[in-house]
Amino acid sequence: MNEVFIWVATHPGWYYLVALGALFFFLTLALRIPQPADKPRFEVAFLASVLLSLFAWRWPSYLAPSPLNPDEATWAAGAIKAMVDFAPWHGSNTGTSGPLNIYVLMLPTLFGAPITFASSRIIATCLLGAAMFALYYAVKWTQGSNVARLSLVPPVVFISVVTARDFVSYSSEHFAVCLMTIALAASAYLAKEGGSLSSYVSVGGVAGLSLGSAFFTKLQAAPVALLISIFAAAAILSLRARSKKAARYVALTTAAAFCLVPAVILLSLWRTGELDDAYFSYILTNLDYVARGPQEIRFDSLLAYSPIYDTFLAGSLLIILVGAIALSRRRGITRANLSVALASLLLLVTSVYVIIKPHREFPHYLLFSIVPLSFGVATALGLTRDVGFWRRERHIALLFSVLFVVPGLTMALPSGSRFLRELSYNVSHRQSAVAVAISRYVHPGEPMAVWGWASEYHVQTGTYPATHELETEGLIRAGPYNDRFRPRFLSDIKKNKPVVFVDAVSPSEFWAKHRDSQGHEIFPELANYIRDNYVLKEEVAGVRIYVPKGSEVYETRRQESSLAAPGGPG
């Protein structure tokens with residue numbers, strides 16, 4: 001298979017031919033107005049074209065062997081640890097993220113595949129694809145199928161062609177965005193007429209389950225989840241005007257489904273005795289994280305991250321402005337569309353709030369804006385149609401698509417895909433030099449402890465974290481966490497006896513670069529334990545690798561690895 005990837009890297013024209021073909025196939029279906037007879041099959045083909053475009057453009061990024069964002073390695077390492085200790089907050093501390101973000105990364109293991117950066121990025125693409133499906137139905141059930149297809153053009157073009165690291169790596173926003181968009185679509189279905197009692201009850205269950213789960217993906221998403229919960233409640237109230245019986249059943253089902261995931265997690269925390277730690281780690285540290293952020297956020301710095309995102313944002317805001325002009329005329333606008341316009345505005349404002357509230361200029365926060373902007377565009381399209389702006393529907397649809405496609409491709413094609421340029425190297429170097437060295441002393445499926453912010457070594461070696469901490473910023477940085485987390489870190493090492501201890505503090509590391517002020521020696525009790533029980537075997541690029549004293553198996557493994565290596569003895 002590596003030969004195929006290398007061939008594609010040396011013949012990039014074929015990659016762009018397939019990618020552009022997939023994108024224009026999607027656009028052809030998005031701009032077509034199907035006949036009623038072929039709608040079901042046409043809809044399936046259209047949604048399939050969405051996924052086809054996303055994968056056709058993004059697949060070279062899957063093969064990058066190192067984390068594209070430090071958080072990506074943290075979540076993947078947490079998923080590997082969950083294979084050993086699944087209980088939330090019992091096996092690992094996911095910091096400002098919830099446990100569901102690591103559980104979803106375990107899906108490849110159902111098919112016997114390992115948890116890798118490639119599998120994480122594939123899951124990220126699937127979650128965005130699922131969000132696009134849900135967005136399609138949310139718009140279809142409020143504005144109709146023609147507007148629904150057009151509304152997917154801006155986000156699908158953006159998600160397909162963007163190559164900025166924070167937009168193609170797996171992040172803690174992906175699952176939250178997916179779940180909340182599903183809940184938005186469910187709310188739209190509950191508000192529409194013509195459904196059966198069983199369908200309303202089922203959709204109510206989906207809405208409740210999605211919203212209840214969203215709170216355990218990323219606490220930052222809570223305001224958006226609360227807003228969509230209000231949308232769902234309003235939709236159930238509108239259903240009550242049509243059928244009190246249906247509304248009662250739907251309300252009970254939605255409430256029960258909403259409570260299901262929180263109840264299971266709370267029961268697990270009670271049984272494992274981790275309730276206090278979960279509250280401290282997930283609630284208090286999130287609040288402290290926001291409080292410690294800078295008082296001001298520079299939007300120019302945030303928006304300068306990706307020109308392709310800027311084209312998506314500018315085009316979306318332009319269409320929303322046209323929709324606002326149409327709304328000001330009010331002629332022909334139904335009461336239902338006024339309600340949808342208000343909901344769209346609230347969703348967009350809330351998404352901006354959750355992006356800026358942490359006061360961090362992290363580009364991956366912008367993932368929270370994709371669906372609200374796209375739903376706002378869809379609402380604007382519906383408003384302009386209602387007031388008669390759509391004189392020639394096909395021409396308007398074509399101009400609308402050009403507004404997003406031309407700038408997006410203009411930004412993406414001249415520079416090309418950086419991941420395609422790096423493809424030959426990436427497929428030939430699946431492990432870093434540090435990971436290769438670590439693998440001489442530990443096997444996949446064994447425990448390893450890492451001091452520093454370098455969870456990628458767990459992912460590249462297949463080892464699981466021997467400690468709760470997936471990264472040790474909270475133990476290194478002076479602050480209120482030291483007294484709580486340092487003793488637990490040392491206790492975990494004594495209890496789980498990692499086969500390898502890695503001090504990853506080095507000039508090449510993401511955050512902890514200075515051994516004198518950030519190495520494990522700043523924690524005297526840990527330093528004493530490592531000195532008494534471990535021996536330094538190798539130092540690679542400033543990363544120190546320790547193994548237990550008196551264990552001959554590690555030297556045997558190293559010798560076997562040396563013999564098996566190309567150019568080795570013999």
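**Close-up views: cavities, pockets, salt bridges and cysteines**

**View 1. The largest cavity.** The largest cavity holds about 110 Å³ of space. This is a predicted model, in which local features need pLDDT of at least 70, side-chain atom pairs count only at pLDDT 80 or more, and totals for chains, interfaces and linings use all residues. Residues are numbered from 1 along each chain as its sequence is written, and side-chain values use heavy atoms, with hydrogens and water left out. The lining of the largest cavity has 13 residues, and Met180, Val224, Phe368, Val371 and Pro372 are the closest to its centre. Two or more lining residues come from each of helix H10 (173–191), helix H12 (222–242), helix H17 (335–356) and helix H18 (367–386). By class, 11 lining residues are nonpolar, 2 are polar and none is charged. The structure holds 6 cavities of 30 Å³ or more.

Terms: on a 1 Å grid over the protein atoms alone, a cavity is a set of points where a 1.4 Å probe fits but cannot get out; a pocket is an open set with protein on both sides within 12 Å along at least five of seven lines; lining residues have an atom within 4 Å of a point. Grid points are joined across faces, edges and corners, and a volume is the space filled by probe spheres set on the points. Helices (H or I, at least four residues) and strands (E, at least two) are DSSP runs, numbered from the N terminus. Ala, Val, Leu, Ile, Met, Phe, Trp, Tyr, Cys and Pro count as nonpolar, Asp, Glu, Lys and Arg as charged, and the others, Gly among them, as polar.

**View 2. The largest pocket.** About 1,200 Å³ of space lies in this pocket. Its lining has 47 residues; Gly95, Thr96, Tyr289, Arg292 and Glu473 lie nearest the centre. Helix H4 (70–82), helix H14 (275–291), H17 and helix H24 (473–476) each give two or more residues to the lining. H14 gives the most, with 7 residues. The lining divides into 21 nonpolar, 15 polar and 11 charged residues.

**View 3. The second largest pocket.** The volume here is about 640 Å³. Of 25 lining residues, Ala191, Ala336, Ser339, Val340 and Ala343 are the closest to the centre. H6 (117–143), H10, H12, H17 and H18 are the elements that give two or more residues. H17 supplies the largest share, 8 residues. The classes are 15 nonpolar, 7 polar and 3 charged.

**View 4. Salt bridges.** The whole structure has 15 salt bridges (a side-chain nitrogen of Lys or Arg within 4 Å of a carboxyl oxygen of Asp or Glu). Glu538 and Arg440 pair at 2.9 Å, N to O. This pair links distant parts of the chain, 98 residues apart: Glu538 sits in strand S4 (residues 534–540), Arg440 in the loop between helix H22 (433–438) and strand S1 (447–451). Glu538 is buried, at 12% relative accessibility (buried is under 20% relative accessible area, exposed over 50%, partly exposed in between; 1.4 Å probe, protein chains only). Arg418 and Glu422 meet at 3.3 Å, N to O. Arg418 is partly exposed at 22%, and Glu422 is partly exposed at 29%. Asp276, Asp277, Glu469, Arg484 and Arg488 are linked in a network of salt bridges.

View 5. The structure holds 0 disulfides (a disulfide is a pair of cysteine sulfur atoms within 2.5 Å). The sulfur of Cys126 is too far for a bond, because the closest cysteine sulfur, in Cys178, is 9.8 Å away. Cys126 is partly exposed, at 39% relative accessibility. Cys259 is partly exposed, at 44% relative accessible area.
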